[in-house]
Amino acid sequence: MKSRQLLEAMNDLPEDLIAEGKIRRRHPLLRVLAVAVCVLLVLSSLYPFFRDRIRGVSGDEDVPGVVIDGAAYEIRSAGSSAANQAGLPDTITADMAGMQVDELEEGTVHLYLPCENQRAVYILQRPDGTYRYLLFAGDQLSQDAWVEADQMFLTYGVTSAGELASLTWDGETIRDRQTLEAVYQALLQSDACGEAAFRAELDDGQGAHPLTLEAAGGLRWTADYSVSTGVLGWYGSYYAAGAGLLP
């Protein structure tokens, strides 16, 4: 609104008013200044938009990932959308960084103390002393390779149905122990395959919807679930648990 008012104010005034001396003709420099102010207002209003496009819509840092023991990890700031989706605190403190497990060019890698028995999240201490999360982004597998369902769960520290805290599907969060036990066992007994076989034989991915699993320690991860085939897809590995796994 302010920029529009400035634009209207910059229009030339009627010559008859100027001729009668009722209004003094403005100096051309004033119009230039008005245009500059208008441009600044427009740019300032668009800055958040372009800032988010530069850094990513979520506001996450656009930084390269790293590889630890054959698995890829993303470097994410505390409070980023990716960290929040994983169920992680908005602040990383020194007491959250446990034993050092690796040393990279990006900094030293430490266990995530609030939840040690997993490999989905590590703490990265950068050379400047600041901290970042390292979030699991998948094992380095070919399209014909995969990890079994028990390894999928183990990544997040889940070794039994009792360590699966919740399942969120189609806007509903399920914590019923009987349902969680049934889903857990169905996935453990499912036929697993890699992406190539999934694309060729099971489903082209159309109609798959996100399903969020949560470990007892609070870590969350998202998989894609196809109701039509009963296939759960997770970082290049697919588990054919059978149609009807979830309604």
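Author: A residue counts as buried at under 20% relative accessible area, as exposed at over 50%, and as partly exposed in between (1.4 Å probe, protein chains only). This is a predicted model, in which local features need pLDDT of at least 70 and side-chain atom pairs count only at pLDDT 80 or more, while totals for chains, interfaces and linings use all residues. Residues are numbered from 1 along each chain as its sequence is written, and side-chain values use heavy atoms, with hydrogens and water left out.

Reader: Is Phe136 buried or exposed?
Author: The relative accessible area of Phe136 is 3%. That value puts Phe136 in the class called buried.

Reader: How many aromatic pairs are there?
Author: Rings of Phe, Tyr and Trp (its six-membered ring) pair if their centres lie within 6.5 Å; planes under 30 degrees apart are stacked, over 60 edge-to-face, and the rest tilted. The number of aromatic pairs under this rule is twelve.

Reader: What is the angle between the planes of Phe136 and Trp234?
Author: These two rings form a stacked pair with their centres 5.7 Å apart. Phe136 belongs to strand β6 (residues 131–139) and Trp234 to strand β12, and 98 residues separate them; strands are DSSP runs of E, at least two residues long, and helices are runs of H or I, at least four, numbered from the N terminus. Trp234 is buried, at 2% relative accessibility. The angle between the planes of Phe136 and Trp234 is 20°.

Reader: What kind of pair do Phe136 and Tyr235 form?
Author: Tyr235 sits in the loop between β12 and β13, so its pairing with Phe136 in strand β6 ties together parts 99 residues apart in sequence. The ring centres of Phe136 and Tyr235 are 5.4 Å apart and the planes stand at 85°, so this pair is edge-to-face.

Reader: Is Tyr235 buried or partly exposed?
Author: Tyr235 belongs to one aromatic cluster whose members include Phe136 and Trp234. With a relative accessible area of 39%, Tyr235 is partly exposed.

Reader: In β13, which residue is the bridge partner of Trp234?
Author: Strands β12 (residues 231–234) and β13 (residues 237–240) are paired antiparallel over four bridges; two strands pair if DSSP finds at least two bridges between them. The bridge partner of Trp234 in β13 is Ser237.

Reader: Which strands stand at the edges of the sheet of seven strands?
Author: This open sheet has antiparallel pairing and the order β8-β7-β10-β11-β12-β13-β9. Each edge strand has a single partner, so one side of each is left without a neighbour in the sheet; the edges are β8 (172–174) and β9 (191–194).

Reader: What is the average twist from one strand to the next in the open sheet of six strands?
Author: The strand order is β1-β2-β6-β5-β4-β3, with antiparallel pairing. β1 (66–68) and β3 are the edges, and each has a single partner strand, so one side of each lacks a neighbour in the sheet. Angles are taken between N-to-C directions, from 0 to 180 degrees, with axes fitted to C-alpha atoms, for helices over the stretch in contact. From one strand to the next the twist averages 40°.

Reader: In β4, which residue is the bridge partner of Ala97?
Author: Strands β3 (residues 97–104) and β4 (residues 107–112) run antiparallel and share five bridges. They form a hairpin with two residues between them. In β4, Ala97 has as its bridge partner Tyr112.

Reader: In β2, which residue is the bridge partner of Ile68?
Author: β1 and strand β2 (residues 71–76) run antiparallel and are joined by three bridges. The bridge partner of Ile68 in β2 is Ala71.
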